[in-house]
2 protein chains.
Amino acid sequence: MNIGDVSRLSGLPAKTIRYYEDIGLVAPQRSDNGYRSFRDSDLHKLTFMGRARSLGFTIEDCRNLLALYDDRERASSDVKVIAREHLGRIDQKLKELQEMHETLTHLVDECAGDHRPDCPILAGLSAGADEELSAVAS
Amino acid sequence: MNIGDVSRLSGLPAKTIRYYEDIGLVAPQRSDNGYRSFRDSDLHKLTFMGRARSLGFTIEDCRNLLALYDDRERASSDVKVIAREHLGRIDQKLKELQEMHETLTHLVDECAGDHRPDCPILAGLSAGADEELSAVAS
DNA sequence: ATACGGGTTCCCCTTACAGGAAGGTCAAGG
DNA sequence: CCTTGACCTTCCTGTAAGGGGAACCCGTAT
């Protein structure tokens, strides 16, 4: 298979696939004309990468997962550790986003959004600066 | 105020403040010794930046918000538009993260996490590759 | 002969800073 | 007077994960 084929089958852009070769995640053969020649196992890895990346695993996570994937002797607990760590990061990010969402929703709801210049959003964003200054001055 | 003072008061690292000057978000004076000399209005802007960034606004969003902040004539609707666009992006990101969370939770729950090599997580991540290959072959 | 649809390498661009080197400044202490 | 240490300065490099595009081969169909 040429890069276009694996690109279509894996759903990854060709650029991404070349990049993954660059950083040593896949090592396709080369044809006589210099084209990359991918085997089924390469396609497997790339598809795996696509899924793991879409779940938000970093490249380094993926590298570790791929190594475990290749290792028929590894314990499933090794994989579970990586996955749970990642789940923890997702939880954290979710919490942050939910807070942002809440705060911003409040601000937006309070803003009239008309032609007048009064805007609780800007007021909310700038709140605190004066207090901090006077606290230092006192 | 020197950079260390505004850093402490705004909560932003000095590096970040210098960066914000680089890209034209603040324009502090200079003392005779070459040190940056910040006025209260600079501190206000930087504090504003800190809050807006912590809510996930991009630098470009912040640049626009700062311009609106400085413009006593702007309509609050201008601000509301930016905020609502950002809220939409947050919603989107939340949805994605929740999906990731769900999928990964399923996979982790199904994994025994013991010494045996069978791992539903890896199986789940690699699912699909074979089907796609055979679909092409047929 | 040429057009076109692959493929290749190479280099710069992105976001929003962080880290660190090399060196100037300022106030306090010996 | 010298040093020490905390600040400050600029400049350069690096990050994650590729994207965009130039300049150039390859193979086939017209």
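Reader: How many salt bridges are counted between chain A and chain B?

Author: This is a predicted model, where local features need pLDDT of at least 70, side-chain atom pairs count only at pLDDT 80 or more, and totals for chains, interfaces and linings use all residues. Residues are numbered from 1 along each chain as written, chains are lettered from A in written order, and side-chain values use heavy atoms, without hydrogens or water. A salt bridge needs a side-chain nitrogen of Lys or Arg within 4 Å of a carboxyl oxygen of Asp or Glu. Between chain A and chain B the count is 0.

Reader: What is the area buried between chain A and chain B?

Author: Buried area is the accessible area (1.4 Å probe) that two parts lose on being put together, summed over both. Carbon and sulfur atoms give 72% of this area between chain A and chain B. The total is about 5200 Å².

Reader: Which helix gives the most residues to the side of chain A that touches chain B?

Author: Helices here are DSSP runs (H or I, at least four residues), numbered from the N terminus. Those of chain A that each supply at least two residues include α3 (40–54) and α4 (59–70). With 20 residues, the top giver is α5(A).

Reader: What relation superposes chain A on chain B?

Author: The copies are fitted by least squares on C-alpha atoms of residues with pLDDT of at least 70 in both. A rotation of 180° with 0.0 Å of shift along its axis superposes chain A on chain B, at RMSD 0.1 Å. That is therefore the relation of a two-fold axis.
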